[in-house]
Amino acid sequence: MAPEFSKRLGAALLAATCLTTTLAAAQPALAHGVLRLDESAPGDIDPATGNDNADTILSINLYDALVAPKQGGTGYVPLLARSWSTEDGLTYTVDLRDDVTFLSGNPMTAEDVVFSLDRMKALGQGVSYLFDKVESAKAVDAHTVQFTLSSKFAPFVAALVRLPIFDKKTVMDHLEPGDTQMGDWGTKWLSQHSAGTGAYSVVSHNPQEETVMQRNPDYFLGFDEAAPDTVRLRYSLEPATVRTLIAQGEHDISSQWLPPEVMSALAKGGAQLLSEPAAGAFYIKFNTRKPPLDDANCRLALANAFDYASALKLVAVSKDISQGTAPTGLIPKGLMGADDESHTLKQDMAKAKEYLSQCKYTPSDYTLDISWIGEVPLEERFALLLQANFTQLGFKAEIRKMPWALFASQVTSPETTPMISQVLNTTATGDPDALLYNMYHSSAAGTWASPEWLKDDQVDSLLDEGRTETDPEKRDAIYHQLNDRLMALAPSINMYDAQEVFAGSTRISAPALSDPEKKFPLSPFGFTFRLIDVKD
Amino acid sequence: MPPALRAVLGKLITTLIVLFGVSILIFCIARIIPGDPVRIALGPNASQDMVDALRAQMHLDAPLVTQYVYFLRDVLHGDFGMSLYSKRPVIADIAQFLPATLELMIVAGIIMVGVGLPMGILAARTRDRWPDHLVRVITLLGVSAPGFVWAVVLMLIFAYFVPIFPIAGRISNSFQIPQVTGFMLVDTLLAGNLAAFADAFRHIILPACALAVTGIGQSARLTRANMVETYRKPYAEMAQSYGFPAGRIARRYVFKPSLIPSLTVIGLDFASMLGGAFLVESVFAWPGLSRYGVNVILVKDLNGIVGTVLVIAATFLIMNIIVDLLVWWLNPRFRLGGRS
C-alpha cells in the first residue's frame, strides 16, 4: 500500500472517529414532566373521525364528553353534564355544567353539544354508528340539551361517552370548502389542532410519528400535582425499539401490542407491568353456515375440546399478569349479563365426545380451515393450539395465514368466510350492546366482527330487547338469557376475556392502570394523562 | 440543440410516459387487492349507509375508467385525494414524510459511496493481500444480510450495550426546530442551532448506516472487480512500466474508467433505498414515506397507495436520468459523440 494513500486513509478514519465521538457526547438534557408512550399508527386527533385505540386515547385527553365511565366501579358518571333524565326512553334531557371553557376561552354551551352531534352524524365516520338512533338534538337553553331518539335505545347514555364536545365557534372559524353546507366541517383544521375542553391541547401532530400535547392550565377538573406537563404519544414503535428505549429510560409506557415475551423481559429488567380491562374478549369464530359447523353439536364439541388453560399460558406475561383472564361465557366478565367465576370455562373432552356423537357429520370427512391474521403473529400460536385440540376429536385441520385486508374482504359472504377465524372484539362504550349486537344479530352479519353468520330468532329477539329495555335490572336479566342461549349455540369460543397489559418505567405512577380500586371499567380511560404521575 | 439538452429532454418525455403507464397500472392493481377499503376504514360497526356514502364520495361506485378520469383530473390539480389511513390529503402526507426518507437516503448514499468506493479501491490496490481479504469478508457480510438485520444489530451495539446513539425519531424532544425544507439537518442549520444539528446528525447515523451497509458491500465489490479488470488494460500496464506513482495510476488511469459501471449500480441502489427503507424506518421509528407506503397497503388506502407508488416511481426515474447524465459526463465516448 502506498504510504501517501495510507496516510490519507488514516486521517479520514481519525476525522470520522473524532466527529462521531463529539456528536455522541452531545447528549441533550432530558425534559422534565414529560410522559412518553406509544400506540399503533396512525393517530387521529379528530375524535369525530378516529376510532382506534390511539384515537380514543387522544380523544379522552384533548376533549371531554358529557359522561365518563365510573373510575373504580361500573356505570357512568357526569363529566360535562351535571345530570340527565328521561321520561319515556325517547327523549333525554341533559343539564350541562356552566363552569367549563374551551381552550379558546369560549364557554361550553348547549349549542356546542348540538353542533358536535350534528358534525359526528354528518361526517358518518369513527363511532358515529353509536348515534344512529339519535334523530336530533336541540339547545333548550344555554345549559340544557334535549336529545330525541327515533326509537328506544337503552345504551344511549353509554354512547355519550364517545361524543366529544367541540368548540363550535372555533371550528366555524376554520371551515374549508366542502361538499356540504358546512363546508368540510372543519376536518382539515381539526386534523392538526384541537378545539375541546380537555386537560391537554395539541402542540404538534404527525399521524405516523407522534403527537405532542401540553397541559391546559385552565382545565376545569384540575390536575394531580405530578401530572405530566407534556405528553408525547409516539406511533408504531417496533418491539425491539421499545425495549431498548425503556431500558435506556427514554420511554415510559409501552403499547399493549408488545409481544408477551418482550413485556416479560422488560419486567425482569425492572419495568412495572400495568393493566386495564379491555371490556371484550378474544374469540374463535365458527362460520355457522358451513358444514360441519352448521351443526350446533359439532360446534359444542369443538368448544368443549378447546384447551382454555393453554391459551391463557400463551398470553401470560408474568406469574401474576396476563393479557387474558379465564372466561366464564360468551359475554366477558365486567359486562352486563356475564356469568360469575363459578362458571369458568374448562376443557372437557368427555363432554366434547358426547356432543360429537350427536353431530350429524363424521369428523374425518371434514377438514377444518383455521385462519389467522398475518399482522398478528400471536394468532399463529392460537391456530396451532386449535389444530392440536380439534384433531383430538378426529377432525383434520389446516392452518391458513391471511392478511387483514383479505380477511375483511372474505367475511362479506358466508361462502368465502373462513370456517374458523380469530378476532379480538371489544366494546366502544362499555355497554354489552356495543359488543354483542354487531357480533350476533343476523342483520349485522358480514363484517369482521361477525364471521359467525349466526341466524337465530331467539338471539335476535334478546338483542333487540336489550336495546330497548331501560330498566338496568331487566336488561341484566336479558343479557344473562342471551349468554345462556349463545353458550347453547356455541357460534364462537371465548378464548379469554381480554386484558390490556403495558410495560411501564419506574419513573411513572399510574393508579388507574395498577390499582384495581382506581381502574376504569372501559379501556383506554386508564390513559387519562392527568391521573398519571411522572417522577423527575 | 446541444446533445446534452436533447438527451435530457428525451429522458424527461420518456419519464412522463412511464409515469403515466405506472399510474394506470398501480391504479388498477390497488383496486384488485382484496378488501373493501371503505369498510376497513370505517370498521365493522359502520352502517351500510355510512359505507355507501363514503364509497360514493370517493367515486368507488363508478366504473373503473370513470374513477381513473376523476383521479387524473385531481392529480393534474395537485390533489391525490384523501388518505383513509391518515385522514388527511395524500399530498400533505407525502410532503411530510418524503423529506424524512430522502434525507435518510441521501445520508445513506453518502455513507455508501464514502465507504464503499474507498474500500473497493483499497481492495483493488492490495489485490490478494490481507487488506483485500479483509474487505472481501466485510463486503460479504454487508451484502449477505438485509438492512433491517443491520438495523437491529447496530441498535443492540450502539444503543443497548454501548448507549451512545439515539434510536428513535429524527431529533431529541428538547429541540423545537421550525420546519422549512422538511430536511432536519438543513432546517437545524437554517435555524442556526448547531446543537440541534449535532443531535439530528446523531439520530440519523444508525438508520443511515443500516440502510447503507448492503450498498457499501455491493459498491466495494463492484469497484474492486472493475479496477482489477482495468489494471490489466494495456494503458494501465504501460503506465506501471513507465514507473508512474501507484497513486497516480490508480486515480487517473484506473479508477475513473472503473467508476462508470459502478455508478450505474450505485445509482439504482440509491433509488431502491426508497422502497427498501421500510424496515429500517420501522426499527428506528423514522417517520418516512417507505413506512407510510407499507401502512397504506395494509389498510388498502387506495389514494395513499397510488400516491406513494407514483412518488417512488418518479424518484427511480429521476435517479435514472441523473445517473445517465453522470455517465455521459464521465465517459468521453458519449460526451464527444461521433468523434469517438
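Two strands count as paired if DSSP finds at least two bridges between them. Helices (H or I, at least four residues) and strands (E, at least two) are DSSP runs, numbered from the N terminus. This is a predicted model: local features need pLDDT of at least 70, side-chain atom pairs count only at pLDDT 80 or more, and totals for chains, interfaces and linings use all residues. Residues are numbered from 1 along each chain as its sequence is written, while chains are lettered from A and ligands numbered from 1 in the order in which they are written.

Start with chain A. Strand S5 (residues 91–96) and strand S7 (residues 144–149) of chain A run antiparallel, joined by five bridges. Within that pair, A:Val94 has A:Val145 as its bridge partner, and A:Thr93 stands opposite A:Gln146. In a regular strand the side chains alternate between the two faces of the sheet.

What joins S6(A) to S7(A)? A hairpin does, through two residues. These strands also run antiparallel, with six bridges between them, and A:Ala139 stands opposite A:Val145 in S7(A).

Now the whole sheet. It is open, has four strands in the order S4-S5-S7-S6 of chain A, and its pairing is antiparallel. Strand S4 (81–86) and strand S6 (134–141) of chain A are the edges, each pairing on one side only. From one strand to the next, the twist averages 20 degrees. Helix H3 (residues 110–123) of chain A packs on the sheet and touches S5, S6 and S7 of chain A; its direction makes about 165 degrees with that of S6(A). For that angle, axes are lines fitted to C-alpha atoms, for helices over the stretch in contact, and angles run from 0 to 180 degrees between N-to-C directions. Contact here puts two C-beta atoms, placed from the backbone, within 7 Å.

Next, the domains. Chain A is assigned domain 1 (35–238 + 505–534) and domain 2 (278–499); such bounds come from an automatic or database domain assignment. Taken over C-alpha atoms, the centres of domain 1 and domain 2 of chain A are 32 Å apart. Their contact takes 15 residues from domain 1 and 14 residues from domain 2 of chain A.

On confidence, pLDDT is the predictor's confidence in each residue, from 0 to 100. Chain A averages 91, and 94% of the residues score at least 70.

Last, chain B. How many residues of chain B are in contact with chain A? The count is 55, against 48 residues of chain A. H9(B) gives the most to that side of chain B, with five residues. The side divides into 32 nonpolar, 14 polar and nine charged residues. Nonpolar means Ala, Val, Leu, Ile, Met, Phe, Trp, Tyr, Cys and Pro; Asp, Glu, Lys and Arg are charged, and the others, Gly among them, polar.
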